[in-house]
Amino acid sequence: MQEEGAGERPSGSAAAEAGLVRLLVFGDSYVADPHVPRTWPILLADGLGWRSANFAVPGSGSVTLGHQLERAARLVRSGDLALHPG
């Protein structure tokens, strides 16, 4: 999982300041290209001033999306990933 901080633009939200993740990303190399350090979902989150967590796996397909979601759910349940409630 690649977790990114909020961008330069302040959000004014206490949740953003607390480091809560607001955007979860799942998918394939379009959102997790090993040759591109900051793919479009990360740029989007930065532009909105949100924290993001990218669970995408290059070369994956629709069959593996459930595995990506389960990985995120395990991190949330364990407390290692805190999500913004809104």
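Strand β2, helix α2 (residues 40–48) and strand β3 form a β-α-β unit that is right-handed, meaning that, with the strands pointing away from the viewer, the path from the first strand over the helix to the second runs clockwise. Helices (H or I, at least four residues) and strands (E, at least two) are DSSP runs, numbered from the N terminus. The model is predicted: local features need pLDDT of at least 70, side-chain atom pairs count only at pLDDT 80 or more, and totals for chains, interfaces and linings use all residues. Residues are numbered from 1 along each chain as its sequence is written, and side-chain values use heavy atoms, with hydrogens and water left out.

Strands β2 (residues 21–25) and β3 (residues 51–54) run parallel and are joined by 4 bridges; pairing requires at least two bridges found by DSSP. Leucine 24 stands opposite alanine 53 of β3.

Glycine 49, with a positive phi near 75 degrees, follows α2.

| Residue | Relative accessibility | Class |
|---|---|---|
| Valine 25 | 5% | buried |
| Tyrosine 30 | 67% | exposed |

Valine 25 belongs to β2, and its C-alpha is 7.1 Å from that of proline 41, 16 residues away in sequence. Tyrosine 30 lies in the loop between β2 and α2.

Note on methods
Buried < 20%, exposed > 50% of the residue type's maximum accessible area, 1.4 Å probe, protein only.
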